[in-house]
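Subject: Structure handover

Hello,

Here is the structure I promised you. Please open it first, then read my notes below.

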Amino acid sequence: MTASEVMPTPTTVPGPAHYPGHGGAPTTPRVEMGLFDTITESLFGDASAPGKWRPLSLGNFFSEGWLEPWAGGPAGQSGLTPRHGWLGSFEGVFYRLWLVNGTYQNNLNKPFGGNGYRGDYSVFLPFSRRFELFLNVPFVVANGTEDPRRGYRSDFGDMSIAGSFLLSESKAFTQLFTLGTIVPTGQTGTGGKLMTVFPRYSFWGNPGGAWVVRGGTGVNVPLNKNDQRGAPVTTPGGQLMFGESSAQTTYNADLAIGRYFTPHDVPFGDLVLYANCNVVIPLEDRGRPAYVGVGPGTRFQITGNWWFLHYWEFPLVGPQAFDYSMQTAIVKAW
């Protein structure tokens, strides 16, 4: 099993800027706009305007929020926990930002060994209070391969696009449903050229104080895995290996808990430390073990609406596609 198959996809989910105006500000009556005006205001309007945010419930999912511009939610029940994203964990809330993320995987379990490298550009675009578009562009994917002619190679990766629907949001809790697809724009030699759909549910919660709990559940379903049968190759040890794809439908789950330690307007503002756990369970081949990976992460403000994020993950159970992985990202929210 390759590194890309055991990692929930996508896992790059940094979050929005701090919106101090929403700590305990009163909300205004619901105001709807036309479709174009709603999208324009969501993308370029003042998301932190006092009173712009208001709770939305699951009961009025079909009738409210679709023609209301996006607004950044309050920083939890006490104003201590901004609705940020954390690397490695599921989304849980809407964002308005772009980021550049680098991933390193140490000592890949490949016939020719080596380390894995990946660079991604991602953007989150809210179109209304209820809908958001996500786009991820892996501009480079490099790792060891099973090709004796090229034991190491770099390619453009498989792009991802997803739409998220806000099911409900209050000061203490947000929940989303996301439906996305991975487009086969990459190459099989670096784990790409595999089309996948991934429906999932995610949540963000502030149980109290400066604590946040977030996570989610979903499935990854490859659609063209039978097209991934490559020609047989010879490993460095002289063994004959056939390149049939081992991708299959998996159940994915994620749970993270973290605590914020600093307020917003200080050096290293909104500093959070968290622990995260990802679980991937194969659904088609009962002989394959589940993957469980855990690790710590952090996020803090650099300056203005620029943020630094970092995350480590260590495989505990299942296929050891790598010894450990590390992600670092720079985020710009607007």
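Start with Glu169. At 6% relative accessibility, Glu169 counts as buried. Buried means under 20% relative accessible area, exposed means over 50%, and partly exposed lies in between (1.4 Å probe, protein chains only).

Some ground rules. This is a predicted model, in which local features need pLDDT of at least 70, side-chain atom pairs count only at pLDDT 80 or more, and totals for chains, interfaces and linings use all residues. Residues are numbered from 1 along each chain as its sequence is written, and side-chain values use heavy atoms, with hydrogens and water left out.

**Salt bridges**

Glu169 has a partner. Its side chain meets that of Arg83 in a salt bridge (3.5 Å, N to O). A salt bridge is a side-chain nitrogen of Lys or Arg within 4 Å of a carboxyl oxygen of Asp or Glu. Arg83 lies in the loop between H2 and S1 and Glu169 in strand S5 (residues 159-169), so the pair ties together parts that are 86 residues apart in sequence. Arg83 is buried too, at 5% relative accessibility. Helices (H or I, at least four residues) and strands (E, at least two) are DSSP runs, numbered from the N terminus.

The whole structure holds eight salt bridges. Another one joins Glu64 and Arg54, with the closest N and O atoms 3.0 Å apart. Both of these residues are buried. Arg54, Glu64 and Glu68 are linked in a network of salt bridges. Asp120 and Arg118 also pair, at 2.8 Å from N to O. Asp120 is buried at 2%, whereas Arg118 is partly exposed at 31%.

**The protein overall**

The protein has two helices and 15 strands. Of its 334 residues, 52% are buried. A contact means heavy atoms within 4.5 Å. Among contacts between residues at least 6 apart in sequence, 65% join residues at least 24 apart.

**Nonpolar cores**

In soluble globular proteins, nonpolar side chains tend to be buried together. A nonpolar core is a set of buried Ala, Val, Leu, Ile, Met, Phe, Trp, Tyr and Cys residues joined through side-chain atoms within 4.5 Å. Which residues touch the most other members of the largest core? They are Trp86 and Leu97, in a core of 24 residues. Elements that give two or more residues to this core include strand S1 (97-106), strand S7 (196-208) and strand S11 (250-260). A second, separate core has six residues, among them Ala47, Leu56, Trp70 and Leu166.

Thr178 lies in strand S6 (residues 173-183). Is Thr178 buried or exposed? Thr178 is buried, with a relative accessible area of 1%. Its side chain makes a polar contact with the side chain of Ser164 (2.7 Å). A polar contact is a pair of N or O atoms within 3.5 Å; within protein, one must be able to donate a hydrogen and the other to accept it, and residues adjacent in sequence count only if both atoms are side-chain atoms.

Val219 sits in strand S8 (residues 211-222). Val219 is partly exposed, at 26% relative accessibility. Val219 and Val197 are 22 residues apart in sequence, and their C-alpha atoms are 8.2 Å apart in space.

Asn143 is in strand S3 (residues 131-144). Asn143 is buried, with a relative accessible area of 11%. Thr190 is 47 residues away along the chain, yet the two C-alpha atoms are separated by 6.2 Å.

Best wishes
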